[in-house]
Amino acid sequence: MQKSVGNPWRSEALPPIKAVMFDFIGTLVNVKGYSLEKSKMKLYRAIFDAGFKVTQEDFLEAYSRAHEKYRVVRYQKLVEVTNAIWISEALNSLGFKTSPEDACIKTAVNIFFEDYLSSFRLRKCAKQTLEMLSGNYKLGLVSNFTYAPVIYAGLRRVGISCFFDVILVSDAVGWRKPHAKIFKEALKRLGVVAEETVYVGDSPEEDIKGAKQLGIKTIFVASQFFPFEKLLESGQKPDVIAKNMCEARRKIREIISNKL
């Protein structure tokens, strides 16, 4: 009798999954009720109260110019630039002498992000997904953000910081997703190779494109920032698509069991 060879489309040589990495904002948390304009007003007030007597209009105009200058660096060169740098540059363009390291500027950055930090809300099934994986798989978080303390505090605020073995924020690493270097650093710190890793994220360009270039298996999760339409427009091809984190949890389980 001929011996069965099983499913010819399934590769028995696939390495086992040892690690799962996640994006943070949009993927694991939603942002609810946030006003950027309100934060800018709080930033101006903090700057004014620190002794920089400049009009709101002049400061915000200088701030916008500096922000746009470094936005080009951040999105084209994929080099992260923290908020204190462009706040300091904005003030210097108005005739002051400041440094990004000045305590008053760092205080202003913290005030600027207060409302944003408070706006984080865990997505349904996010914590359950991490609980399912914790202890059996290495967990990493890779986030693009200009001020790393916001991500660290945000993870604590929503109660999931304890699940991660490795947390990488572009502000601390220096490189932004989709640059390969931030993903390579995450793999290095987790002690795994790309083929042993799954990445879950909501941005077609930053998350899916970035992880796939290294051979990491990818799961796109639709979010408030990136619905399915954005994925289609991007032309990126994730290995798996999920409509929410609850579906992503099931997909992760299927990948781990070698069914996808």
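Author: Let us begin with pairing: two strands pair if DSSP finds at least two bridges between them. Helices (H or I, at least four residues) and strands (E, at least two) are DSSP runs, numbered from the N terminus. This is a predicted model, in which local features need pLDDT of at least 70 and side-chain atom pairs count only at pLDDT 80 or more, whereas totals for chains, interfaces and linings use all residues. Residues are numbered from 1 along each chain as its sequence is written, and side-chain values use heavy atoms, with hydrogens and water left out.

Reader: In what order do the six strands of the open sheet lie?

Author: The order is S5-S4-S1-S6-S7-S8, with parallel pairing. Strand S5 (166–169) and strand S8 (240–242) are the edges, each pairing on one side only. On average, neighbouring strands are turned by 20° against each other, direction ignored. Such angles run from 0 to 180 degrees between N-to-C directions, and the axes are lines fitted to C-alpha atoms, for helices over the stretch in contact.

Reader: How many residues of S6 are buried?

Author: Buried means under 20% relative accessible area, exposed over 50%, and partly exposed in between (1.4 Å probe, protein chains only). Five of the five residues of S6 are buried, so the strand is largely enclosed by the rest of the structure. Thr197, Tyr199 and Gly201 lie on one side and Val198 and Val200 on the other. S6 pairs in parallel with S1 over four bridges, where Ala19 has Thr197 as its partner. Four bridges also join S6 to strand S7 (residues 217–221), and Gly201 stands opposite Phe220 there. As for S4, five of its six residues are buried, so S4 too is largely enclosed by the rest of the structure.

Reader: Which strands does helix H6 touch?

Author: Contact means heavy atoms within 4.5 Å. Helix H6 (residues 148–157) packs on the sheet and touches S4 and S5, its direction making about 145° with that of S5. Helix H8 (residues 180–190) lies across S1, S4, S5 and S6, running at about 160° to S5.

Reader: Where does H4 bend?

Author: The bend at a residue is the angle between axes fitted to the seven residues ending there and the seven starting there. H4 bends by about 30° at Phe112. The buried residues of this helix are Ile105, Ala108, Val109, Phe112, Phe113 and Tyr116. Their cover includes helix H1 (36–49), helix H2 (56–76) and H6.

Reader: Which residues have the most contacts inside the largest nonpolar core?

Author: In soluble globular proteins, nonpolar side chains tend to be buried together. A nonpolar core is a set of buried Ala, Val, Leu, Ile, Met, Phe, Trp, Tyr and Cys residues joined through side-chain atoms within 4.5 Å. The largest has 61 residues, and Phe22, Phe24 and Ile219 have the most contacts inside it. Apart from it lies another core of 17 residues, including Ala19, Met21, Ile182 and Ile216.
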